[in-house]
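The sequence and the structure are shown below.

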Amino acid sequence: MITLNCHCGNISLAFKQLPDAARDCDCAICNRLGALWGDFKFSEVTITTTEPTGTYRWGNQEFEMHHCQTCGCTTHYTAADVKDRSEIGINLRMLDRRKLEQLPIKTSCE
């Protein structure tokens, strides 16, 4: 099991294996965050928090960016509509740098 967490440890995300590549989205919000996303099925990820995440929605309000309200790290994003949460994007910048450097990076906002 691979586990990532925000800087203070409030938010942990666990999954079985890394994706084939990290995605460097070039949209306005992701560019500002400097996130590298890994795309997963929501059912394959376990999210554990000691305090609720903060969220941010923008534009068409379809997605929620989740961040730690203590340390500020953006850890993941989900569909804003709970009924549509089949996928999740995890900020792979939370990985140990050596593991992250092993992944190819593709640039896109798809």
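## Glu64 and its salt bridge

Glu64 is buried, at a relative accessible area of 9%; buried means under 20%, exposed over 50% and partly exposed in between, with a 1.4 Å probe and only the protein chains counted. Its side chain meets that of Arg57 in a salt bridge, 2.7 Å from N to O. The term denotes a side-chain nitrogen of Lys or Arg within 4 Å of a carboxyl oxygen of Asp or Glu. Arg57 is partly exposed, with 36% relative accessibility.

This is a predicted model, in which local features need pLDDT of at least 70 and side-chain atom pairs count only at pLDDT 80 or more, while totals for chains, interfaces and linings use all residues. Residues are numbered from 1 along each chain as its sequence is written, and side-chain values use heavy atoms, leaving out hydrogens and water.

## Further salt bridges

In the whole structure, five salt bridges are found. One of them links Asp96 to Arg98, with the closest N and O atoms 3.1 Å apart. Asp96 is partly exposed at 36% relative accessibility, whereas Arg98 is exposed at 60%.

Another joins the side chains of Arg97 and Glu101, at 3.5 Å from N to O. Arg97 is exposed at 59% relative accessibility, and Glu101 is exposed at 57%. Through shared partners, salt bridges also connect Arg57, Glu64 and Arg85 into one network.

## Cysteines

The number of disulfides is zero, a disulfide being a pair of cysteine sulfur atoms within 2.5 Å. For Cys68, the nearest cysteine sulfur belongs to Cys8 and is 3.5 Å away. Cys68 is buried, with 1% relative accessibility.

Cys71 is likewise in no disulfide, and its nearest cysteine sulfur, that of Cys68, lies 3.7 Å away. Cys71 is partly exposed, with a relative accessible area of 29%.

Ile88 belongs to strand 9 and is buried at 2% relative accessible area. Strands are DSSP runs of E with at least two residues, numbered from the N terminus. Between Ile88 and Cys71 there are 17 residues of sequence separation and 21 Å in space, C-alpha to C-alpha. The loop between strand 8 (74–79) and strand 9 (87–91) contains Asp84.

Asp84 also takes part in a negative surface patch with Glu62, Asp81 and Glu87. Such a patch consists of residues with over 30% relative accessible area and no salt bridge, like charges being joined within 9 Å.

Methods
Patch = residues over 30% accessible without salt bridge, like charges linked within 9 Å, V, L, I, M, F, W, Y side chains within 5 Å. Areas by Shrake-Rupley, 256 points an atom, 1.4 Å probe, with all protein chains shown as cover. Lys, Arg positive; Asp, Glu negative; His and termini not counted. Charge placed at Lys NZ, Arg CZ, Asp CG, Glu CD. Helix = DSSP H or I, 4+ residues; strand = E, 2+ residues; numbered from the N terminus.
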